[in-house]
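Subject: Structure handover

Hello,

Here is the structure for you to open. My notes on it follow below.

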Amino acid sequence: MTSAGHAPTATASIQAAIAGEALIDLIRRPDGSYLPCLGGALYNLSRALARQGVGTQYLNPLSRDRFGRELAAQLAGDGVQLARPDPVQQVTSLAVVNLNAQGHPDYAFYREGVADRAVSAQGLGDACTALPALQLVCTGALALDARDTAIYLPWLAAQRAAGRCVVVDANLRPSVMPDLAAYRATVHAALAHAHIIKASDEDLDHLAVPGADALDRARNLLAANPQAHLLALTLGAEGAWLLHRHGTQCFAKEAQPLEVVDTVGAGDSFLAGLLAHLLRQAQGAGAAGFVQFVEALTAEACEQALRHALASASLCVMEQGCVPPGWDAASEWAQARPALAE
């Protein structure tokens, strides 16, 4: 494990490799102006993991433009290593974010000819091969665009075959995809490679997963992906579930309402908290491998990891933009404010 705020970790200490978008969120303010914030689901996840003490490498290239330099500087400040430290000519992706009265974001993306898409399955695979301590890989969100299937799906298959834990965050953005049916099919194809799936109740709606409610749909999604061991279902302010292949189900929700500023990065902070806690548990248990640890996860281990994940998301929503908490802050929050459980 590493500490947030230090120089990027040595390659030998990298446990997580993250592939996907890095962009600038232009968040609309009440006066009509826009506040530029560093963002992108997988970029946020990289930062959040490093802040939680996980040695993390971000696999996609960044632009040489000013936004790209700012993105790179923030990753370095959080302790994230870049697989491709030399910037590329392509520009940085942009997302225009409008928040509703509850602080929930609506996005419009500008991603043609951008830096984070200048990558190949071979390049991602080569970067992972160079990481001897690598335990898990993760992608999702805009990387699951049907137009990028030749990049991410072969890479996920290769990483699973290499014995690494594959994590897929569905995190759908259907409003910006030109072909929703193709997008949905690509997301399902990515989930088929996953050991760990993260999905929100909205994701399950967009994926047209059958079921009477979100929990029922989550069970059905896990059943439909027999290679997956663990599924995390997030319900926003209504809490979250962890479902394991062997039948364990645990739930957690904050007992008191939060002072929500916005929800940007909340899901990414949740997933980082979950993975960081599981990695620490595996390390403490002396597990032969992270995949094997997740496969045999106990109910107690699930509950502890879920509570830490929920605390990580709670701390994020009380900040503007994505400000992921560190390990200590999330652990203290989880201990000081016991969650509701079912």
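Is tyrosine 58 buried or exposed? Tyrosine 58 is buried, with a relative accessible area of 0%. Here buried means under 20% relative accessible area, exposed over 50%, and partly exposed in between, using a 1.4 Å probe and protein chains only.

Two notes on the source. This is a predicted model, so local features need pLDDT of at least 70, side-chain atom pairs count only at pLDDT 80 or more, and totals for chains, interfaces and linings use all residues. Residues are numbered from 1 along each chain as its sequence is written, and side-chain values use heavy atoms, with hydrogens and water left out.

Aromatic pairs

The structure holds two aromatic pairs. To pair, rings of Phe, Tyr and Trp (its six-membered ring) need centres within 6.5 Å; planes under 30 degrees apart are stacked, over 60 edge-to-face, and the rest tilted.

Tyrosine 58 pairs with tyrosine 43, edge-to-face, at 6.3 Å centre to centre and 85° between the planes. Tyrosine 43 lies in helix α1 and tyrosine 58 in strand β4 (residues 56–58), so this pair ties together parts 15 residues apart in sequence. Helices (H or I, at least four residues) and strands (E, at least two) are DSSP runs, numbered from the N terminus. Tyrosine 43 is also buried, at 0% relative accessibility.

Tryptophan 241 and phenylalanine 251 make a tilted pair: 5.1 Å centre to centre, with 50° between the planes. Tryptophan 241 is in strand β12 (residues 240–244) and phenylalanine 251 in strand β13 (residues 249–252), so the pair links parts 10 residues apart in sequence. Both tryptophan 241 and phenylalanine 251 are buried.

Cysteines

There are zero disulfides, a disulfide being a pair of cysteine sulfur atoms within 2.5 Å. The closest cysteine sulfur to that of cysteine 128 is in cysteine 138, 12 Å away, which is too far for a bond. Cysteine 165 is in no disulfide either; its nearest cysteine sulfur, that of cysteine 138, is 9.3 Å away. Cysteine 128 is buried at 0% relative accessibility, and cysteine 165 is buried at 0% too.

Pocket and cavity

The largest pocket has a volume of about 1,300 Å³. On a 1 Å grid over the protein atoms alone, a pocket is an open set of points with protein on both sides within 12 Å along at least five of seven lines; a cavity is a set where a 1.4 Å probe fits but cannot get out; lining residues have an atom within 4 Å of a point. Volume is the space filled by probe spheres set on the points, which are joined across faces, edges and corners.

The largest pocket is lined by 50 residues, with His104, Gly236, Thr263, Ala266 and Gly267 nearest its centre. Elements giving two or more residues to that lining include α1 (41–51), β7 (105–110) and α8 (266–285).

The structure holds one cavity of 30 Å³ or more. About 30 Å³ of space lies in the largest cavity. Its lining includes Ala22, Pro61, Leu71 and Asp116.

Best wishes
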